[in-house]
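Biologist: Could you walk me through this model, feature by feature? I would like to learn how to read each one.

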Amino acid sequence: MEILLAIVIGLLYAAGVYLLLRRSIVKLILGIMFFSHATNLLIFVSGGLHKGQPQFANDGINAVSSNPTDPLPQALILTAIVIGFGITAFFLALMYRFYQVTGTEDLDDLKEGENK
Amino acid sequence: MTGILIYLIILLITALLSPILIRKGGKTAPWLLSMVSAAGFAYLLGFAGFISKGNALNYTIEWLPELYLNFSLYLDGLSLFFALLVTGMGSLVLVFSGNYMKPYPMKHRFFFLLLLFEFAMLGLILSGNLFTMFIFWELTSVSSFLLVGFNHEKPEARNAALQALLITVAGGLAMMAGFIMLGQMAGTLEINQLLQSGDIIRNHPHYLPALLLVLAGAFTKSAQFPFHFWLPGAMQAPSPVSAYLHSATMVKAGVYLLMRLSPVMGGTPEWKYILTITGAITMILGGYFAYSQTDFKKVLAYTTISALGTLVLMLGIGTDISIKAAIIFLLVHALYKGALFMIAGLIDKSVGSRDLRKIGGLSKVMPTASLAAIISLISMAGLPPMIGFIGKELIYEAKFALPDIGNLLLVAGVTTNVIMVAISLALIFNLFLGPLKYPGEKPKRPAFALRIGPALLAGISLIFGLFPARVADFLLSPAIKSIRPSIDSLKLSLWHGFNEVLLISFITVAAGVVLFLLYRKVNPLLTHFNTKVLTFRLADTFNNGLNMFLYLTKRKTSFIQSGYQRFYLMAIFIMTSVLAWYQLIYTWPEIENISFSKPGFFEMMILLLIVSSTLIAVLVRSRLAAILSLGAVGYGIGLLFIIYGAIDVAITLMLAETLVLVLFMVVIYHLPKFANFSSKASRLRDAAIALLVGGFMTGLVLKAGQLNLNPKISDFYVENAIPLAHGSNIVNVILVDFRALDTLGEITVLVIAAIGVVALLKLKTKKGSAT
């Protein structure tokens with residue numbers, strides 16, 4: 001399973017890179033979203049895969065139960081997801097604005113605009 | 001010695017205050033500034049008795065002693081000699097500038113720079129640590145740059161200033177490297193200690209590279225061939241600057257360094273040959289070009305180069321007599337050349353031209369200045385009874401005393417001196433005596449402030465020539481002794497008796513007179529020859545090289561800085577993945593022996609969903625389909641989180657994913673369809689890069705599986721969730737309790753993003769106009 005997941009993560013990154021290298025700004029945003037998905041999975045997998053129950057502390061004395069899922073990567077990913085959402089929302093607004101002001105979605109036009 | 005430090009500080013403060021003083025003080029201000037400099041001269045002169053007994057003073061403030069880096073001052077015969085030169089010339093030049101610079105609107109800035117230079121130069125001379133010296137050295141280069149480019153509205157002045165700066169600073173950097181090497185060899189950079197460790201340094205295997213580096217600094221500063229060309233260009237500076245920096249003091253800094261280090265590095269065959277050959281070439285070259293110029297200042301510039309060459313040559317020969325000759329000639333040259341440069345400025349000011357073909361017979365309008373000039377020129381020609389004669393005699397004697405290459409050097413020296421005699425005579429008889437000639441209005445008698453400097457210097461030349469013994473005991477002997485302690489006394493007199501040297505002097509003068517008589521005929525020919533035949537100019541070559549460098553840099557920059565963001569990204573991705581792949585392949589065997597869990601049916605299906613959605617999102621032409629597929633990828637990942645027990649993460653992810661989809665739908669309505677911008681080839685290239693990155697990320701995940709993230713952190717949270725945070729959902733407890741501050745930061749980010757979104761969407765703009 002780890003190998004398969006690793007390949008999927010690699011694929012997600014590859015998709016992200018490919019989209020980031022496009023000239024269209026919409027694809028750029030899609031690429032960034034792929035990146036954040038891939039990174040979340042990366043952190044999750046590096047914490048170790050353990051199927052089953054979520055990690056709950058039972059009564060505080062015997063907390064470390066039979067389920068050894070590591071809670072720390074999960075906490076990190078939670079933060080990452082929320083931040084990623086904020087970035088995506090901002091980027092979408094920025095893209096909307098960009099198109100309104102420049103009338104283009106081609107990132108290469110930014111370079112030409114500079115020389116005008 | 002603290003007194004000297006205080007004087008240096010006073011000089012700096014004076015420099016900083018001088019603009020105000022010049023603006024408010026009117027006519028008396030330059031005199032006041034000159035008094036400050038003269039006070040330094042008098043104060044330093046007070047040390048002469050003490051120093052001439054063979055004493056030396058040292059003063060050190062420790063800075064970084066581990067790197068031999070200290071602020072040190074050192075006063076011995078040599079530095080005293082130079083310090084007196086700097087302060088003495090400084091006070092005369094300041095008075096001269098007071099009148100000369102009157103019409104310039106930016107004169108307050110000029111005085112600031114001139115005093116700043118004096119501070120830097122005095123600091124350089126008095127430095128007791130090579131790093132201290134280096135700092136002052138660079139400061140003199142910078143102030144020289146600003147002074148040469150003082151008439152900054154003239155492109156030639158800007159160009160000359162830049163050229164002078166680049167050459168001297170490049171040399172300075174090389175010199176610093178040389179200093180560092182010296183420090184490594186001797187374990188110190190304090191001059192008084194270095195003077196003791198000459199044997200260690202001369203026998204060190206790194207002696208030659210260190211020597212070459214230090215010489216690069218000295219030669220660039222002192223305008224030695226092939227770096228000499230910046231000095232004639234620097235004549236773009238106002239005349240007081242030429243008189244002060246580019247004849248009497250700054251260009252002698254290189255010579256000073258050579259004198260300072262000659263007990264440390266001198267005396268080896270390398271030293272001897274490099275110095276004598278460079279010095280001889282510079283000497284003859286300067287002489288030739290001086291003879292063929294028509295601009296008075298250019299003539300002086302080239303004779304200065306020639307004189308600097310002579311000095312380096314003398315130090316290279318390195319016999320007792322040649323060192324004596326060097327010190328005396330240095331004084332001689334500073335006196336006459338400083339006077340002559342001031343007179344050049346004076347002529348320029350009152351006649352409005354420096355062209356030797358257009359002016360003449362000036363003694364009829366400016367008798368005092370002409371007399372001073374004639375006395376100085378006699379000194380330059382090396383004729384009795386001037387001190388120049390003594391200097392020249394000693395130089396001849398020094399060349400005589402050298403066994404192997406002495407004869408060759410003697411010929412070179414005689415040739416140069418013949419030229420000097422001819423130039424001096426030509427200037428005396430054409431420029432000052434003879435019929436009055438001037439291009440514009442009738443020249444006025446120059447002001448007192450302009451005359452006093454040259455007159456004083458010429459007077460000193462004459463007095464030194466008549467009574468050389470006094471000066472020798474008081475000033476010159478201690479300076480010579482600091483270069484070579486074994487020289488016990490210096491006997492100077494005008495009359496040496498009939499000997500070979502006197503004979504050669506006669507021959508020199510006779511040949512010089514002949515060359516002078518030919519001057520009117522030969523000079524135009526040579527000028528013509530220089531402009532038509534000798535088209536190769538080092539200054540131009542330097543400029544071309546500089547332009548070439550700038551062009552290449554520009555090309556390189558426009559290649560690397562393409563301005564297209566995807567090329568920047570591409571560079572980052574390629575570099576990162578190549579490095580990561582290298583590391584991955586290097587450590588590959590560790591991955592092989594890891595046990596992996598078997599995938600179940602659900603997981604397989606979810607992975608299939610993710611993979612197929614990803615491919616669709618990337619490849620599909622429809623925007624809507626791409627966005628929905630991306631959503632599917634997100635939900636798929638959410639499902640994986642559920643399977644592996646990360647409930648909170650899964651919920652958050654799915655909520656966020658839904659919100660993003662909604663937002664996308666809102667925005668996408670206002671955006672155009674996907675345009676296909678790129679060619680097939682570039683898509684293939686991008687796909688290759690993408691796979692390269694994806695591949696190493698896969699490897700990274702596999703390697704990360706082996707890592708045992710520090711379990712103690714997690715264990716702490718698990719054990720203390722209930723006792724400390726009173727919650728059983730550990731992930732939640734971490735976020736809102738243990739790491740609450742992080743979560744606060746996260747919320748802040750969200751708020752900022754939300755404000756940004758609102759601002760971007762609400763702002764009303766007209767289409768096409770930037771907001």
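**Reading the model**

Modeller: Let's begin in a loop: B:Pro226 sits between helix 10 (207-221) and helix 11 (230-233) of chain B. Helices (H or I, at least four residues) and strands (E, at least two) are DSSP runs, numbered from the N terminus. This is a predicted model, in which local features need pLDDT of at least 70 and side-chain atom pairs count only at pLDDT 80 or more, while totals for chains, interfaces and linings use all residues. Residues are numbered from 1 along each chain as its sequence is written, and chains are lettered from A and ligands numbered from 1 in the order in which they are written.

Biologist: Which peptide bond is cis?

Modeller: The bond from B:Phe225 to B:Pro226, with omega near 5°. The loop between helix 10 and helix 11 of chain B also holds B:Ala223, whose phi is positive, about 50°, although the residue is not a glycine.

Biologist: Is B:Ala223 buried or exposed?

Modeller: The test counts neighbours: a residue is buried if 20 or more other C-beta atoms lie within 10 Å of its own, exposed if 12 or fewer, and partly exposed in between, with C-beta atoms placed from the backbone. B:Ala223 has 27 C-beta neighbours inside 10 Å, so it counts as buried.

Biologist: Where does B:Tyr68 lie, and what is its phi?

Modeller: B:Tyr68 is in the loop between strand 1 (57-64) and strand 2 (69-75) of chain B. Its phi is near 60°, a positive value in a residue other than glycine. B:Tyr68 is buried, because 22 other C-beta atoms lie within 10 Å.

Biologist: And B:Lys53, buried or exposed?

Modeller: B:Lys53 has 7 other C-beta atoms within 10 Å, so it is exposed. Its place is the loop between helix 3 (48-52) and strand 1 of chain B. Along the chain, B:Lys53 and B:Gly77 are 24 residues apart, and their C-alpha atoms are separated by 9.5 Å.

Biologist: How do I check the length of a helix?

Modeller: The expected span is 1.5 Å times one less than the number of residues. Helix 4 (residues 77-100) of chain B has 24 residues and reaches 34 Å from its first C-alpha to its last, close to the 34 Å expected. Helix 6 (residues 130-148) of chain B, with 19 residues, should span 27 Å, and its end C-alpha atoms are 26 Å apart, which agrees.

Biologist: How many residues of helix 4 of chain B are buried, and how many of helix 6 of chain B?

Modeller: For helix 4 of chain B, 24 of the 24 are buried, so it is largely enclosed by the rest of the structure. For helix 6 of chain B the count is 15 of the 19, so it too is largely enclosed by the rest of the structure.

Biologist: At what angle do helix 14 and helix 15 of chain B cross?

Modeller: Axes are lines fitted to C-alpha atoms, for helices over the stretch in contact, and angles run from 0 to 180 degrees between N-to-C directions. The axes of helix 14 (residues 269-291) and helix 15 (residues 296-317) of chain B cross at roughly 160° and come within 7 Å. That makes the two helices of chain B roughly antiparallel (under 35 degrees is roughly parallel, over 145 roughly antiparallel, 65 to 115 roughly perpendicular and the rest oblique).

Biologist: What about chain A, how many helices and strands has it?

Modeller: Chain A has 4 helices and 0 strands, in the order α-α-α-α from the N terminus on. Of its 116 residues, 55% count as buried.
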